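Subject: Structure handover

Hi,

Here is the structure I promised to pass on. Please open it alongside this note, and I will walk you through what turned up.

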Amino acid sequence: MGFNKPYLTGNEQVYIQEAISGLHLSGNGQFTKKCQTFFENRYGFKKCFLTTSCTDALEMAAILAEIVPGDEVIMPSFTFVSTANAFVLRGAKIVFCDSRSDHPGMDESLIESLVTPRTKAIVPVHYAGVACDMDVIMAVANKYNLLVIEDAAQAIDSFYTGEDGVKRPLGSIGHMAAFSFHETKNIISGEGGMLVVNDERFIERAEIIWEKGTNRAAFFRGDIDKYGWIDVGSSFLPSEIIAAFLWAQLVALDKIQARRKVIWNTYYDGLAELQDLGIRLPKIPDFATNNAHMFYLIMPSLEERSLLIYKMRQTDIHLVFHYQSLHNSPFYLSQGKEISLRKSEEYSDSLVRLPFYYELDIIRVLEGILN
Ligand SMILES: *Cc1c(COP(=O)(O)O)cnc(C)c1O
């Protein structure tokens, strides 16, 4: 039994066929617009741009943030390489923040101590789709005039409730946010992503960067009578075939989420007794919701984690650990000085993810772990 298995709603081919029949196969067509409008209406995201990956969306955000060599960007070390790479590509210096003790997300209380006159942005990662404490992050950002770019790759349909009691979708709080539709996420299109722009100041330029540095989108809207090269940019938009696939998934979003939540809760209830053995289950802070992106255990040690992965392999059930802290990566060590982030290192050594997908035979996994 694999760790992940992409779920197909059955309508992917229907919509892809529709895109093919319509003969608009490049980007920014009918399905792209449908997907973007879906997100804008459902979650109140100011403006959405489908991209070919979350990595691309983060790279767009780094360009829009006007990151220049020497600028500093604060982010957790316990994250995927793309969170950092997008800013490194623009010459940024990455300043890594340690994780919380109760959750692998970044420890918000440490962020202010990492701010310097060169700091330009904070990139919170909503690990496992569970919100960072955005009130704290936005307060630091406002105080020092920093941009907040949410890495919401795993955070579709998840929410944060701040001091004011308002429940806000993740991706709607920062100046910008990036989502992923990679086949390992809740809603998929193979490879795929989306940039959300909530701050109006960036919308016009985002559209140009998205369209290879041209004002092509405005031209096709009829706003201008010819288009040309007016800024930097790249080919960030996916084809309509990808967008058609994604549309089928979005139509089934509530059904997919409902099923994933059943799986998550079954894991949680079924494995609660492991806590007596010093094994920790995921903790969802009061300000966050759970979008059932992932189920993980935090083992007492690296050895016990290796043993569990090995034991489960014998019954053909694949458990996988997660991020190796970026501050200990060969690339970072070749660039900067050695630092120690104890919590992040602990999660790198002790966190293990359980198989999680729509059609999972969860009873088999539970029996395997509890035996
Ligand atoms: C999956 C993921 C990404 C990258 O997404 P792609 O769509 O594969 O580029 C970035 N950040 C986090 C936190 C992720 O989980």
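Let's begin with Thr-214, which sits in the loop between helix H7 (203-210) and helix H8 (216-221). Helices here are DSSP runs of H or I with at least four residues, strands are E runs of at least two, and both are numbered from the N terminus.

Before going further, two notes on the model: it is a predicted one, where local features need pLDDT of at least 70 and side-chain atom pairs count only at pLDDT 80 or more, while totals for chains, interfaces and linings use all residues. Residues are numbered from 1 along each chain as its sequence is written, and side-chain values use heavy atoms, with hydrogens and water left out.

Back to Thr-214: it counts as buried because its relative accessibility is 14%. (Buried means under 20% relative accessible area, exposed over 50%, and partly exposed in between, with a 1.4 Å probe and protein chains only.) A polar atom of the Thr-214 side chain lies 2.8 Å from the backbone oxygen of Glu-211, and the side chain also reaches the backbone nitrogen of Arg-216 at 3.3 Å. For such polar contacts, the rule is a pair of N or O atoms within 3.5 Å; within protein, one must be able to donate a hydrogen and the other to accept it, and residues adjacent in sequence count only if both atoms are side-chain atoms. Leaving aside neighbours within four places in sequence, Thr-214 is in contact with Glu-207, Ile-208, Tyr-227, Gly-228, Trp-229 and Ile-230, where contact means heavy atoms within 4.5 Å.

Where is Lys-185 in the fold? Lys-185 lies in the loop between strand S8 (176-180) and strand S9 (193-197). With a relative accessibility of 18%, Lys-185 counts as buried. Apart from neighbours within four places in sequence, Lys-185 is in contact with Ala-153, Gln-154, Ser-180, Arg-260 and His-293.

The ligand is surrounded by 14 residues, the closest being Thr-55, Asp-151, Gln-154, Ser-180 and Lys-185; a residue is near a molecule or strand if one of its heavy atoms lies within 4 Å of it.

- Thr-55: a side-chain N or O atom is 2.5 Å from an oxygen atom of the ligand.
- Ser-180: the distance from a side-chain N or O atom to a ligand oxygen is 2.7 Å.
- Gln-154: a polar side-chain atom lies 2.8 Å from an oxygen atom of the ligand.

On its own the ligand has 380 Å² of accessible area, and the protein covers 93% of that. These areas come from the Shrake-Rupley method with a 1.4 Å probe; for residues, only the protein chains shown count as cover.

Gln-154 and His-293 turn up again around Gly-129, whose contacts beyond four places in sequence are Gln-154, Ala-155, Ser-158, Leu-170, Thr-289, Asn-291 and His-293. Gly-129 is in the loop between strand S4 (119-122) and helix H6 (134-144) and is buried, with a relative accessible area of 0%. Ala-128 lies in that loop between S4 and H6 too, and is buried at 4% relative accessibility.

What about backbone angles? Most residues other than glycine have a negative phi. Ala-128, although not a glycine, has a positive phi of about 60 degrees. Asn-145 also has a positive phi of about 60 degrees, but Asn-145 is exposed, with a relative accessible area of 69%.

Finally, how many disulfides does a search of the whole structure find? The search finds 0, a disulfide being a pair of cysteine sulfur atoms within 2.5 Å. The sulfur of Cys-97 has its closest cysteine sulfur in Cys-132, 9.2 Å away, which is too far for a bond. Cys-97 is buried at 0% relative accessible area, and Cys-132 is buried at 2%.

Best wishes
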